[in-house]
Amino acid sequence: MAMLGPRVWSSVRQGLSRGLSRNVGGWASGEGRKVDIAGIYPAVTTPFTATAEVDYGKLEENLHKLGNIPFRGFLVQGSNGEFPYLTSSERLEVVSRARQAMPKDKLLLAGSGCESTQATVEMTVSMAQVGADAALVVTPSYYRGRMSSAALIHHYTKVADLSPIPVVLYSVPANTGLDLPVDTAVILSQHPNIVGIKDSGGDVTRIGLMVHKTRRQDFQVLAGSAGFLLASYAVGAVGGVCALANVLGAQVCQLERLCLTGQWEDAQKLQLRLIEPNTAVTRRFGISGLKKTMDWFGYYGGPCRAPLQELSPAEEEALHLAFSSNGWL
């Protein structure tokens, strides 16, 4: 960590000496409790122009439209934000523009994960400076064979120690090939600046076990997809970060309300109609599918950045069917 630049160290020290007192963030609120991240968050896409430049104007337009839906907040620079394809300066500018475009009462989660611990600390501190309320930190995975529990605990502890904003763990095995082990998450849940986890693996028994084993900690579990949202609520998750919420945001928030008020029969009916479209914009057609659907629903989707490709006509037809056969188009 000795290679951290003086400006970054200075800002880390300021963050720590400030007592991390932002009303939505910090290690703990006045009562000694961690920040509450419960609720629904769309995993916001990064819009690009036809020449593959980040289209910040379209990002702001999308956020203004999404701002009318009762989300807890927004996640930028998650997997749907194509963060591995952005430069560091683009990543920070996306966070900054999102903060300016969002309603002030919404939480801004920002994906700050990098492969090295040092780079993750620097990105987290920088994202905090431009308006992020909490940092979503994906598991480092390039050397996944060496990402033992000890390595992951060391990484996350160092990041959380030095972050001026709360840290949310992020396990997304479909992209990283690495599941953050439950026992590792349980150990990390004891850190005062680690407030929860976004688990995108879709294993509800794992989500339930994590809820159960962290029940004595002030630690919250978010489902990482709308396809298993009802099941996650049933075992104690407190919300979700969902790609599908970019296009069916009101419906995902309705599912949240039905679960929280115990209307399980109506919740089940709605959940079943969301599974197929959710699969289409995640596992099946990915970000290209999500962006195409956004174009259909009145948002700006636009192209992905290469090497991601646009959908073929046959894929586009299958995507449309996933929504129309469930009554959404």
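Before you click anything, one definition: a residue is buried under 20% relative accessible area, exposed over 50%, and partly exposed in between, using a 1.4 Å probe on protein chains only. This is a predicted model, in which local features need pLDDT of at least 70 and side-chain atom pairs count only at pLDDT 80 or more, while totals for chains, interfaces and linings use all residues. Residues are numbered from 1 along each chain as its sequence is written, and side-chain values use heavy atoms, leaving out hydrogens and water.

**Stop 1: Glu315.** Select Glu315 in helix α13; helices are DSSP runs of H or I, at least four residues, numbered from the N terminus. Glu315 counts as partly exposed because its relative accessible area is 32%.

**Stop 2: two helices.** Show α12 (residues 286-296) and α13 (residues 313-324), whose axes come within 11 Å. Which residues make the contact? Select Gly289, Lys292, Thr293 and Trp296 of α12, then Glu316, Leu319, His320 and Phe323 of α13; contact means heavy atoms within 4.5 Å.

**Stop 3: Glu90.** Move to helix α3 (residues 88-101) and pick Glu90. Is Glu90 buried or exposed? Glu90 is buried, because its relative accessible area is 13%. Its side chain reaches the backbone nitrogen of Thr87 at 2.9 Å. Finally, select Val54, Tyr56, Tyr85 and Arg305, the residues in contact with Glu90 once its neighbours within four places in sequence are left aside.

Terms used: Polar contact = N/O pair within 3.5 Å; in protein donor to acceptor, adjacent residues only side chain to side chain. Axes fitted to C-alpha atoms, helices over the stretch in contact; angles between N-to-C directions.
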